[in-house]
2 protein chains.
Amino acid sequence: MQPTNYAYVRGQVLPLAQATLHISDLSIQRGYGVFDYFRVFGNTPVFLDDYLQRFHASAAALHLQLPISDEELRAVIEEVIDKNSMPRSGMKMILTGGYSANGYEPADPSLVILQQPLTLPGLELVEKGIKIITHEYVRELPQAKTINYTMGIRLIEEIKSRGASDVLYRQNGVVSEFPRCNLFMVREDDTVVTPAENVLLGVTRRNVLELAGRKYKTEEGTVPLDDLYRAKEVFLTSTTKRILPIVQVDGQVIGTGKPGEVTRTLLADLVKLEEEMVQSTYKV
Amino acid sequence: MQPTNYAYVRGQVLPLAQATLHISDLSIQRGYGVFDYFRVFGNTPVFLDDYLQRFHASAAALHLQLPISDEELRAVIEEVIDKNSMPRSGMKMILTGGYSANGYEPADPSLVILQQPLTLPGLELVEKGIKIITHEYVRELPQAKTINYTMGIRLIEEIKSRGASDVLYRQNGVVSEFPRCNLFMVREDDTVVTPAENVLLGVTRRNVLELAGRKYKTEEGTVPLDDLYRAKEVFLTSTTKRILPIVQVDGQVIGTGKPGEVTRTLLADLVKLEEEMVQSTYKV
């Protein structure tokens, strides 16, 4: 028998199987909510401060207030981790518009916290790289992590049918981000570039920019799709995927068609940074 | 004591208080779902065929399949109406991406049906008209009635603080629709115009266009914001509001600043059409 997985819903920690929201919740009625997601490694949240800060910023963008203090939130996270047996996992915090009387106006927000199994990309995928397609779209509030993934999920079928692994959003010839990941490219002179506008400011994006800055020139700017096609290397970053090399964009082969040197170097540096981070947290 | 209100959730008719969805549902995880809403008048759904047709079209746009046949769906609607005591009400059908194992990929869709009290706009509001503001935005899939109302709900505070009742979306100087209503304007020569692009094809919109065509010239086309400011009359249409006159846009007074003749005529014609519709349904 599997151990019971616990979740937190509107003030209560209870078995995941019983974790529900009433159908008047504004997430169900109007897709109104924000969330964030961090990794748990050795039962320790990784970069928790950063994720909490972004969670607050997303909530503020939707005029939602967390029903508990940060101290209480950290205590709940600890309690859920303690009750579950998932040393390597992901934790999701969702904040919605609450149980709305008329199905439109926000009420007391619903806070939900759940822990999920997490598998990082296998070595094979990292060594081979992935293919992506592009699609004309910009998220409505790019800097907020809202729960609205209508476009990304709707495109799952098209991504599969075109033999790709993910979709990159573009608008008027300029690319921005993936539904759940940030984009990077490496120019001929090894400058590491990532889009500055219309993107969610990923925590992994920020860490990779910082690591890249120690060895290469870096740039947050405009990335035209045409430049991407001609890039030396392309990769994506995310909490669950860390760094994943991209070897084809819209059928165009990138560089040598194999993961490049800069991408590999940054992935190694990122793994090292995460290990240091977790060790320093243990010491506290 | 109030009579129990019943709802339908994933195959079961149960008291509304017990109507919940598991937190793994894609509406909660990713705001992924569509819905539709029709009025019930004398325990009879009004224009049900039209709403069912649009519900199917929205579902198809998100690659979602209804878990029951139309015949079964009509039977459920009838059962819920029979169990509840709400002769004048609204009914909402929500179809979501279902209980997703990984919180991203759709599973068997969740179908939810609930009946809600409904108050049509009072005579005072109809006689006085409302003020609206405009905001730069176009919905991501305008022809699908998705549950994503992030922008509209986020703007509630701004609408109130500017003394308005609703917000009209515009993009590059061209207006489209409200979060939950369609827009109409009347030109100096009494031509009745409504935006053709980037709008949800409202059932009330279609009925009003048809009624208007009996007495005036009508046009589905492009409506520049500047033309709207100078219109003779402006009004909105929706299932719950029928026709509501608009007397101010972004602080600009429309026409005489009072509801106009064409607007009043169309509202009277619409009320008559609805009554005929319900009576003909009774006869069946």
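Predicted model: local features only at pLDDT ≥ 70, side-chain atom pairs only at ≥ 80, totals over all residues.
Chain A is superposed on chain B with an RMSD of 0.0 Å by a turn of 180° and a shift of 0.0 Å along the axis. The two copies are thus related as by a two-fold rotation axis. Within chain A, the residue closest to this axis is Gly31(A), whose C-alpha lies at 2.1 Å. The copies meet through the same surface, because 100% of the interface residues of chain A are also interface residues in chain B.

Helix 7 of chain A (residues 203-213) is largely enclosed by the rest of the structure, since eight of its eleven residues are buried. Among the buried residues are Val208(A), Leu211(A) and Ala212(A). The largest nonpolar core holds 181 residues, of which Leu228(A), Leu266(A), Leu228(B) and Leu266(B) touch the most other members.

In chain B, six strands form an open antiparallel sheet in the order 2-1-7-6-4-5. Its edges are strand 2 (12-15) and strand 5 (44-45), each of which pairs on one side only. Strand 5 is joined to strand 4 (residues 33-41) by two bridges, and Phe41(B) stands opposite Thr44(B) of strand 5. Helix 2 of chain B (residues 48-61) lies across strands 4, 5, 6 and 7, running at about 175° to strand 4. Helix 3 of chain B (residues 70-83) also packs on the sheet, and its direction makes about 35° with that of strand 7.

Note on methods. Residues numbered from 1 in each chain as written. Chains lettered and ligands numbered in written order. Heavy atoms only, no water. Least-squares fit on C-alpha atoms with pLDDT ≥ 70 in both. Contact = heavy atoms within 4.5 Å. Buried < 20%, exposed > 50% of the residue type's maximum accessible area, 1.4 Å probe, protein only. Helix = DSSP H or I, 4+ residues; strand = E, 2+ residues; numbered from the N terminus. Core = buried A, V, L, I, M, F, W, Y, C linked by side-chain atoms within 4.5 Å. Pairing = 2+ DSSP bridges. Axes fitted to C-alpha atoms, helices over the stretch in contact; angles between N-to-C directions.
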